[in-house]
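Here is a briefing on a protein model with its ligands.

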Amino acid sequence: MSPISTHRHDDVLIVTSNNPPVNALGHAVREGLVKAIEEADADEAVKAVVIIAQGQTFFAGADISEFGTPKAFAQPMLPQVVDRIEACTKPVVAAIHGTAFGGGLEVALACHYRVAVPSAKLGVPEVKLGLLPGAGGTQRLPRVAGVRRALEMAATGNPVGAKEAYAAGLVDKLIEGDLLQHAVAYAHEVKDTRPLPKSSERDEKLREARENPGIFDEFRKANAKKFRGFDAPEFNVRAIEAAVAKPYSEGVTTERQLFMELMSGTQAKAQQYFFFAERKASKIEGLPEDTKPRDIRRVGVIGAGTMGGGISMNFLSAGIPVTIVEMAQDALDRGTGVMLKNYQATAAKGKMTAEQVGQAMGLLKPTLDFDALSECDLIIEAVFENMDVKKEVFGRLDKIAKPGAILASNTSYLNIDEIAASTSRPQDVVGLHFFSPANVMKLLEVVRGAKTAPDVLVTAMQLAKKIRKVAVVAGVCYGFIGNRMLIPRQTQAMRLLLEGATPEQVDRVHVEFGMPMGPFQMADLAGVDIGWHRDPSRIENIRDALCAIDRWGQKKSAGFYDYDEKRRPSPSAKVQEIIEEFRTREGVQEREISDQEIIERTLYTMVNEGALILEGGFAQRASDIDVVWIYGYGWPVYRGGPMFWADTEGLPKIVEGIRRQQERLGVDFKLSELLVRKAEAGEKFTR
Ligand code: 3HC
Ligand code: NAI
């Protein structure tokens with residue numbers, strides 16, 4: 001049965017899509033739409049058409065799962081579908097709810113009129129898949145919404161709300177009440193209007209850019225940092241430039257060429273892979289199908305430091321009350337003060353109202369009374385990273401938490417099973433590893449202990465969604481997925497300094513690769529002293545030497561780099577001196593280090609660690625590792641994460657690179673058998 005059905009209401013033909021979950025424009029939908037328009041044209045009794053969708057949303061775009069399959073090219077393709085809609089001899093009204101995204105917005109733009117409920121969102125997120133709107137969207141959108149807005153929407157992929165779309169002329173009418181009923185009434189109103197307003201024939205909103213073509217370069221310049229490394233934003237800009245510079249028929253040809261070029265590149269493949277990787281991450285294998293989550297009405301947080309405050313904000317922002325406990329009043333006041341300041345900063349940027357700030361903070365109950373946690377359904381511990389302290393806290397929790405409450409630890413490295421063993425209810429214990437700043441970073445590692453109950457895991461995954469995090473399940477191992485993979489990178493980065501590289505060179509290679517910063521910039525930002533033994537007389541490596549002379553990173557204006565009063569880094573002669581001292585001390589011969597060697601020793605070894613993690617069963621799937629690195633550490637999404645990147649490099653090349661470096665990697669380095677096996681068998685991690 002076709003997902004597209006038609007029925008008449010007086011002289012209006014109602015075309016309904018029913019293609020759950022998101023009414024993606026797969027082949028059957030495209031075919032059905034064309035047939036429906038043909039029916040409208042052929043039937044004299046039909047005077048107008050309404051296109052509407054059932055379920056949660058209007059068409060959310062092309063069917064991404066068809067990409068790379070023959071179905072994507074099966075006729076009619078989307079460009080023909082939208083042209084056919086626009087060519088309909090009767091007025092066509094798009095009735096929008098949910099999300100009119102990508103191809104969905106292109107369908108709406110081809111309709112002669114658009115009506116929408118106020119909660120609807122309209123957007124062209126193709127850029128996030130490494131693409132551009134390939135069904136006339138880059139040509140019609142600037143004609144309807146103006147060039148500046150089209151640039152913003154297409155190159156960033158961010159949607160606009162229906163009210164904003166209405167103000168911009170992208171929506172003709174906002175509908176309060178029943179969408180179908182009002183859309184049909186609207187169709188009645190416009191049924192005799194001729195000529196039909198066609199987006200492709202409009203011109204007036206292109207005028208501004210025709211008179212001032214400089215707006216394109218202004219836009220490029222203003223967004224250069226955001227777009228660094230990505231192909232698709234620039235292609236979107238070029239397609240819109242073509243809309244302004246060329247007649248419509250030539251503009252769409254340019255759009256098609258640019259679209260095909262992007263589609264055949266690795267960035268689009270990486271970004272589309274990541275779209276599904278992110279969604280797959282929330283699925284836990286091997287749990288009973290009927291596992292029901294526990295009810296979480298109030299959350300407790302222990303520790304109001306860097307992490308505890310940020311963690312609390314996530315729940316407060318989602319409307320969930322939080323009880324936060326500290327050891328001393330000043331620490332509690334400091335912690336809640338930082339939270340309020342963060343909310344106020346968000347409000348100052350216009351992203352929150354003062355009332356919302358008040359509401360969020362109103363849900364917070366700061367206290368020194370540990371027993372207050374007895375009313376919480378989930379308690380997250382974020383105290384010092386010390387096993388004895390954590391055990392003591394969990395032992396106490398065991399006595400006061402209500403039966404069935406989930407007891408979570410935010411530990412970065414420590415063994416969750418050992419922590420769980422300090423309670424009488426290890427089935428209720430789980431790791432919830434947030435990333436700093438916890439109120440901003442999207443990643444949450446959910447650490448599954450040997451005894452963690454299925455419903456605890458399901459609750460954690462569901463709750464993550466509620467607080468808008470992307471959760472990935474990790475097993476119990478040192479550093480879980482993300483931090484464990486940092487270890488070989490950090491180890492090799494330090495050795496490279498001894499052998500002749502500079503912090504600047506190592507960081508540059510990482511930044512050119514697409515990371516937001518390199519290992520030394522990261523160390524300076526996070527604090528070189530994190531995990532330091534705090535004994536200035538014990539100097540065993542370069543890091544100890546830096547810590548001993550107070551070079552703790554940005555917070556001290558000195559770390560691997562020197563910093564000026566505006567926190568701008570410059571190479572440090574002192575650091576160079578320390579490196580040279582260690583070189584002499586350890587008898588290492590200085591040599592020229594190539595950028596390729598840096599990649600092989602820091603990034604290939606990370607891939608190897610990812611393979612060891614998979615081998616040990618500490619990650620469910622390779623794509624989960626990629627999600628961790630993209631959302632937790634800013635790995636460039638256009639390279640799809642370390643495991644996808646390894647696949648595109650070719651696993652034999654990775655193994656060969658590691659073997660070439662093996663002697664330098666140190667005695668602790670262990671080559672993953674899984675990696676070698678896959679390389680030899682011509683297999684990949686991610687497909
Ligand atoms: N194609 C195929 N499947 C899609 C899809 C699409 N465009 N969009 C969503 N899905 C699937 C998801 O994979 C998921 O499947 P699963 O349940 O098996 O995991 C299911 O639909 C539900 O998706 P979400 O979990 O993301 O549901 P949400 O309610 O959180 O979000 C959404 C809904 C806002 C529509 C979000 O899914 C989304 O942003 N989708 C992508 C939209 C997009 O990128 N559109 C452009 C496509 S490219 C295009 O149109 C090219 C054209 O210009 C030629
Ligand atoms: P922090 O030192 O900023 O805060 C810890 C807070 O816990 C302090 O305010 C302290 O007074 C309080 N505290 C200690 N013992 C307590 C007790 N028994 N009862 C109540 N409060 C107590 O530390 P941070 O950085 O917030 O780290 C907390 C945990 O989060 C650690 O396990 C750390 O490994 C982990 N983590 C840290 C990240 C980071 O980037 N800082 C990232 C991810 C996890």
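The points below go from the whole chain to the ligand shells and then to the voids.

This is a predicted model, in which local features need pLDDT of at least 70, side-chain atom pairs count only at pLDDT 80 or more, and totals for chains, interfaces and linings use all residues. Residues are numbered from 1 along each chain as its sequence is written, chains are lettered from A and ligands numbered from 1 in the order in which they are written, and side-chain values use heavy atoms, with hydrogens and water left out.

**Overall fold**

- The protein chain holds 29 helices and 19 strands (DSSP runs numbered from the N terminus: H or I of at least four residues for helices, E of at least two for strands).
- The chain is as compact as a globular protein of its length, because its radius of gyration is 28 Å, close to the 26 Å that the globule rule gives for 687 residues (taken over C-alpha atoms; the rule is 2.2 Å times the number of residues to the power 0.38).
- The C-alpha trace spans about 90 × 60 × 55 Å along its principal axes.

**Ligand 1**

- Ligand 1 has 23 residues around it, and Ala62, Gly103, Glu106, Glu126 and Arg279 come nearest (a residue is near if one of its heavy atoms lies within 4 Å).
- Polar contacts are pairs of N or O atoms within 3.5 Å; within protein, one must be able to donate a hydrogen and the other to accept it, and residues adjacent in sequence count only if both atoms are side-chain atoms.
- A backbone N or O atom of Gly103 sits 2.8 Å from a ligand 1 oxygen atom, and a polar backbone atom of Gly134 is 3.0 Å from an oxygen atom of ligand 1.
- For Ile64, a backbone N or O atom is 2.9 Å from a nitrogen atom of ligand 1.
- The protein covers 73% of the 990 Å² of accessible area that ligand 1 has on its own (Shrake-Rupley method, 1.4 Å probe; for residues, only the protein chains shown count as cover).
- Strand E5 (99–101), helix H3 (103–110) and helix H13 (266–281) each give two or more residues to this shell; H13 gives the most, with 3 residues.

**Ligand 2**

- Around ligand 2 there are 20 residues, with Met307, Glu326, Glu385, Lys390 and Ser412 nearest.
- A polar side-chain atom of Lys390 lies 2.6 Å from an oxygen atom of ligand 2.
- Polar backbone atoms also take part: Thr306 at 3.0 Å from a ligand 2 oxygen atom, and Val383 at 3.3 Å from an oxygen atom of ligand 2.
- The protein covers 80% of the 830 Å² of accessible area that ligand 2 has on its own.
- Helix H14 (306–317), helix H17 (387–400) and strand E15 (429–434) each supply at least two shell residues.

**Cavity**

- The structure holds 1 cavity of 30 Å³ or more (on a 1 Å grid over the protein atoms alone, a set of points where a 1.4 Å probe fits but cannot get out; lining residues have an atom within 4 Å of a point).
- The largest cavity has about 70 Å³ of space (the space filled by probe spheres set on grid points joined across faces, edges and corners).
- Its lining has 13 residues, with Leu378, Leu432, Thr459, Ala460 and Leu463 nearest the centre.
- E15 and helix H19 (454–466) each give two or more residues to this lining, and H19 gives the most, with 5 residues.

Note on methods: On a 1 Å grid over the protein atoms alone, a cavity is a set of points where a 1.4 Å probe fits but cannot get out, and a pocket is an open set with protein on both sides within 12 Å along at least five of seven lines; lining residues have an atom within 4 Å of a point.
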